[in-house]
Structure formats: structure tokens, C-alpha cells
Amino acid sequence: MLLLNKCFCKIFLLGSAIIATIDSSAQTTISTWLTDPGKSVFFQKNTKAAFSSIKDSSAYALIRINDSVRYQTVDGFGYSLTGGSATNLLKLDPEKRKILLKDLFATDGNHIGVSYLRLSLGASDLNDKTFSYNDLPDQESDVEMKLFNLGPDKKNVIPVLKEILQINPKIKIMASPWSPPVWMKNNNDFKGGGLMPVYYTAYANYFVKYIQSMAKYGIRIDAVTVQNEPLNPDNNPSLYMPATEQAFFIKNFLGPAFQKEKIKTKIIIYDHNCDKPEYPLSILADEFTAPYVDGTAFHLYGGKIEALSEVHNAYPEKNIYFTEQWIGAPGNYAGDIAWHMENVIIGSMRNWSKIALEWNLAADEQNKPHTKGGCTKCLGAITITKGKAIRNPAYFIIAHASKFVRPGSVRIATNLPDNLPNVAFRTPEGKTVLIVLNTSKAIRSFHIAFKEQQANLVLGAGAVATYIW
């Protein structure tokens, strides 16, 4: 939108944000959405700023946006819809749940437009109990998956997903297993242990049955990871699966099974921390496994976010995904929002990720449900309590990206001034989106330069803003 203005307007501030110098040239307006925990401002639409042809030569930091340099295409932003999340959402009055789900998944008005969800394939540690889709009495097996059944998911996850799909039928869905059925494991337990080679064929068929069964409910699984946190056997449920085993399973069983059944769902490896990039690198180096693999998924409970770029640079034809990061209860709005914006949103995107997902979508006021031995302090993006929905830090973290950086957006180039981590995108509609965080302990004035124009902006200490023009 272009505005013609014959007057000269001074710089002024509203709260901790923003306003630009305007002169007699034509200006492009900039819509601004601000979160400033220090001022109790959370994802609020702010007064518009504007670009000007006047260049300010002051010593303020300058963020240059270059939309001619392009990187990865974005698939979306969102959360994990665990069984516990779905159970809590179903506790809400249907009309209140409808309003909340529209706020989360619609894109009009102030709704935040979540565009990507991760499911647990079977139970995660944020279900009320452990289960698989093929649980049997001791000493029994079902290698042909004749007894496969989506079980508890039919009562919670699938009904909620159907409501979400009515709001956003194009949402992308990933599924990740925490554990196979225990009869496939060498310890006969949901926690830890390994997958016995004799059941590799059966387990590949288990994935196939899951994808086909969900499709019968109108739910398309866009991608699966082979194992959630394969180097963490201490969660409940969990499975220990070193890289050599994951590669062997994919190239000889899972990949061929998908090929045989004409399954188009992507296969994604690793799905664990940034401290072990050698895990996915070794799998992608296997010439017989790599053709079946779409890309690598990461968490950030260890290591540095730059590990995503290390894997991308070694195998640029393979995709990168950031699939999980938790926030510990009771949460800290200022600290959590700043850290997650810098690492999960800005960091993962600047290091080639196609998605950025926070962990649990919803929990109750006691962070329940969870399995015995599962996470007891995983704070949901939403807390469901006494019939109400309370929005926690992860809600605002995702909102700053999901509402504006729609699927199909492409990351474009920006520089990184000190204490102003940022990332920019070009949307399918031709909009430019810039997300900026002020990590300093003081208010920062800075400029953004785009093409031949410049805008002069202000952010409070610890504040984050999304700028759209």
C-alpha cells in the first residue's frame, strides 16, 4: 500500500515500538505486531510504521533485506498435538473449543494460523498411559498387523484433528513414534530397549497401516520420523535406535514398504538433539538409504542450532526440519519468549529448517496428562483449566511466525546486527515479513533497509516484533 504525504512527520513512539520518519516522498506502510513482556504487551497489532526514501545516516544498527537472495521454502509453524493435548481440548465446552481452535488455526482477524502439527504414532509421554496400535498378551505377536487398531487416538486425537481440518484443511501433519509395540522389542517394555531385527518387516508394515488407517478418517500424514529421540532410552515410552540400525531399517524395510504400497509420506531421520549431527550425516552418506530419506529432524535440548546448517551444507538436496522444543512449567514469559524466538524461530529458519514446532499444544494446570516416567513439567502452549484456555509463552512464540509466514513462503537474506537477531521471508502473496528480536537490556533504535527505502524503528529490551509490508 502506497501513501502520498506532503507533510513532514516527526519520529514518535507507541509503547516500545516503532514509528518511522516520513517525508514528502511516497511511503510503503509497515504493519507491526509486537510482543514486549516487560510492558505486558503480547502479540498486539501496533501503530503502522512506514518506509521513506530519506536515508538516516545516524549510527543506529541497520538490517538490510535482500529479496533477490533466497533460501528454503517454509512448510509451516506449530505444535505437537499429543493425546494429552487432545484430551484437554475435549474437556472444553464445544463452543469454547470451536472458538479456541479457530483462534489457533484460522488466519483471518487476529487468529494465529498454525499451519503444521506433529502427532505421536502411538503413545508419547504426554498420554495418560503407554500404548501402541498393536498391543498383545505376553508371548504373542502379529507380524501381519491383522490386529492393528488406532485405539485411544480414535477417542481424542482424531476427533480434534477433524475439527482442525474443518478450519484448515491444508494443514500439514507429521507423525513420530516413541516406541514400537513391546512384543517387537528386546526388553518387552515401552521404556528403552531395542527393535528386534526379526520384526523389522512387521514394524515397517506398522507404519504403513498407520498412514492408511489415518487416511480412512480423511487425515493425510505428510511425513513420519523413524523414531523420536532415538538416543534417549530413558523416557517412557522410548526406543534406543543407533544410526546404523536406523539406516538398515530404512533401506531394507521401511523405504521398500512405502514404495511397494505407493505411500507418498516423507521419511525423515534422526529427530533428536543438535549435539549429534554425525547421526544423520552417517545415514545420508549411505547410498542405499539416502534415496528413501527426505531430510533430517532436530530438537535443541543439546548442541547448537548451527548443526542444522552443517547437515544441510553436506547434503543440500535433503530437507531440514525443527520438530520439538519444550517450555518448562510454570514458564517465564520474558525469558522463554526471547530464547525460543532467537533459537527455535529465527535460529532454525536461518539454518535451513522448513518448519519450527514447539512441543505440547495443551495441558491442564498440573501439566497433565503424562505417563509414569514421562514429562511432569511440560507447559502447554495452552493451559486448559476450569473451562478456560490460558495462553502461555509458546502460543506467542509461534504466533509471530505462523500468522504471517504462510506455507510456501521463502526465506530471504538479511544481515545480523549485534543484539538484533532476525529473519525475513517473501510470502506467496508477495508480502515481505521480517521478525526481529532485541536481545539487549536496553531499548534499541534501528533501521531496516529494503530496496531503495529505509524505516527507522524502536524495540524495547527483550521485545520481538513481526513487520509486514
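Y270 sits in strand β9 (residues 266–274), where strands (E, at least two residues) and helices (H or I, at least four) are DSSP runs numbered from the N terminus. This is a predicted model, in which local features need pLDDT of at least 70, side-chain atom pairs count only at pLDDT 80 or more, and totals for chains, interfaces and linings use all residues. Residues are numbered from 1 along each chain as its sequence is written, and side-chain values use heavy atoms, with hydrogens and water left out.

Back to the backbone. Most residues other than glycine have a negative phi, and most peptide bonds are trans. Y270 has a positive phi of about 70°, and so does N188, at about 50°. Y270 is buried, with a relative accessible area of 0%, while N188 is partly exposed at 42% (buried is under 20%, exposed over 50%, partly exposed in between, with a 1.4 Å probe and protein chains only). N188 belongs to the loop between β7 (172–176) and α4.

| Cis bond | Omega | Loop holding the proline |
|---|---|---|
| A329 to P330 | near 5° | P330: between β11 (319–324) and α8 (333–350) |
| K368 to P369 | near 5° | P369: between β13 (362–364) and β14 (382–385) |

Now for a helix pair. Helix α4 (residues 200–216) packs on helix α5 (residues 243–260) at about 55°, with the axes 9 Å apart. Axes are lines fitted to C-alpha atoms, for helices over the stretch in contact, and angles run from 0 to 180 degrees between N-to-C directions.
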